[in-house]
Amino acid sequence: MSTLLLDGATGTELGRRGADITLPLWSARALLEAPDLLKAIHVDYLDAGAGAITTNTFRTHRRSLAKAGLGDRAAQLTTRAVEIANESRQQRNPDALIVGSVAPLEDCYRPDLAPDEAACRREHTEMIRALLEAGVEFVGLETMNNLTEAGAATEAARRLAAGKWMVSFCTRSEGPPGVLLSGEPLADILPSLGDAHAVGVNCVAAPAVECQVTFLRDALPPHVRIIAYANIGYADSAGNWVTTDAVDPAAYARYASRWVAAGADIIGGCCGTTPDTIRAVKKAIGA
Ligand SMILES: [Zn+2]
């Protein structure tokens with residue numbers, strides 16, 4: 001199967017282009033205040049060569065929106081995000097896939113804040129159902145940082161989107177591969193993921209991704225595709241953002257080539273990547 005090129009970051013790219021991405025709404029605010037800018041970002045990723053658009057639904061769970069008094073608009077805003085992704089596809093590349101982003105219910109870098117299993121199951125079910133009803137081709141669980149939430153979210157995806165779901169994990173950027181941000185072993189959930197379309201890592205520093213890809217390729221059956229999309233930096237132990245050389249699109253593309261060599265076949269960009277990053281990756285891997 002040929003390599004699928006995903007898009008790059010949406011949230012940080014909205015911020016780079018002047019949109020308000022303050023918490024708690026973060027990227028979801030653009031659905032209300034900057035839909036044209038959001039659409040322009042999707043279009044720019046398609047023009048850069050992305051074969052898939054990720055919906056701007058990272059923060060449209062009811063729980064996230066409720067923090068801004070908008071909880072009752074969860075389904076509406078999720079649907080709006082899918083519509084905007086669809087409009088960009090119609091404009092530029094009708095063959096592109098729409099991947100419905102499903103994020104952790106709480107801060108993606110704070111596994112300690114994850115709700116209990118019943119809440120995770122209930123809230124991810126609501127989110128996944130809304131994305132499917134709005135017409136996404138794939139459900140993309142991303143930045144999953146702990147086993148309880150990942151288990152509940154993958155179970156909901158399996159039930160609602162059989163064969164049309166993927167999951168990527170946020171692993172530690174330092175130390176041995178296969179350790180979630182929570183400190184739990186990724187190996188514990190992998191045996192249950194044989195029916196996923198793809199499994200991978202995201203929101204990890206680019207230099208730390210290759211060993212994660214090797215780890216996943218060894219652990220998963222060959223029919224499961226491997227996803228990799230990285231950050232251009234990482235948060236250090238004191239919480240400060242440290243930029244790596246992956247901020248340079250050509251350098252990011254060199255990392256991406258190594259992920260492909262290690263067995264990844266769905267490649268994109270996470271926080272801090274731009275359409276220039278995706279253009280460079282396309283040139284490097286020929287997707
Ligand atoms: Zn990220």
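User: What covers the buried residues of helix 3?
Analyst: The cover includes helix 1 (11-16), helix 2 (29-33), strand 2 (52-54), helix 5 (74-92) and helix 10. Helices (H or I, at least four residues) and strands (E, at least two) are DSSP runs, numbered from the N terminus. This is a predicted model, where local features need pLDDT of at least 70, side-chain atom pairs count only at pLDDT 80 or more, and totals for chains, interfaces and linings use all residues. Residues are numbered from 1 along each chain as its sequence is written.

User: Which residues of helix 3 are buried?
Analyst: They are L38, I41, H42, D44, Y45, L46 and A48. Buried means that 20 or more other C-beta atoms lie within 10 Å of a residue's own (exposed is 12 or fewer, partly exposed in between), with C-beta atoms placed from the backbone.

User: How do helix 3 and helix 10 cross?
Analyst: The axes of helix 3 (residues 35-48) and helix 10 (residues 275-285) come within 8 Å and cross at roughly 20°. Axes are lines fitted to C-alpha atoms, for helices over the stretch in contact, and angles run from 0 to 180 degrees between N-to-C directions. Helix 3 and helix 10 are therefore roughly parallel; that word covers angles under 35 degrees, with over 145 roughly antiparallel, 65 to 115 roughly perpendicular and the rest oblique.

User: Which residues make that contact between helix 3 and helix 10?
Analyst: D44, Y45 and A48 of helix 3, and P275, I278, R279 and K282 of helix 10. Two residues are in contact if their C-beta atoms, placed from the backbone, lie within 7 Å.

User: What comes just after helix 3?
Analyst: G49, which takes a positive phi of about 115°.

User: Switching to helix 6 and helix 7. At what angle do they pack?
Analyst: Helix 6 (residues 117-134) and helix 7 (residues 147-160) pack at about 40°, with their axes 8 Å apart. That makes helix 6 oblique to helix 7. On the helix 6 side the contact includes E117, C120 and R121, and on the helix 7 side it includes T148, E149 and A152.

User: How many of those contact residues are nonpolar, polar or charged?
Analyst: Eight are nonpolar, three polar and five charged. Ala, Val, Leu, Ile, Met, Phe, Trp, Tyr, Cys and Pro count as nonpolar, Asp, Glu, Lys and Arg as charged, and the others, Gly among them, as polar.

User: What do the buried residues of helix 7 pack against?
Analyst: Strand 3 (97-102), helix 6, strand 4 (138-144) and strand 5 (165-169). The buried residues themselves are E149, A150, A152, A153, T154, A156 and A157.

User: Where does T143 sit, and is it buried or exposed?
Analyst: T143 is in strand 4. T143 is buried, with 23 other C-beta atoms within 10 Å. It has a positive phi of about 60° although it is not a glycine.

User: And C203, where is that?
Analyst: C203 lies in strand 6 (residues 198-205). C203 has a positive phi of about 60° and is not a glycine. With 24 C-beta neighbours inside 10 Å, C203 counts as buried.

User: Which residues is C271 in contact with?
Analyst: Leaving aside neighbours within four places in sequence, C271 is in contact with A9, T12, C203 and N231. C271 lies in the loop between strand 10 (266-269) and helix 10.

User: Last one: which peptide bond is cis?
Analyst: The bond from L23 to P24 is cis, with omega near 5°. P24 lies in the loop between helix 1 and helix 2.
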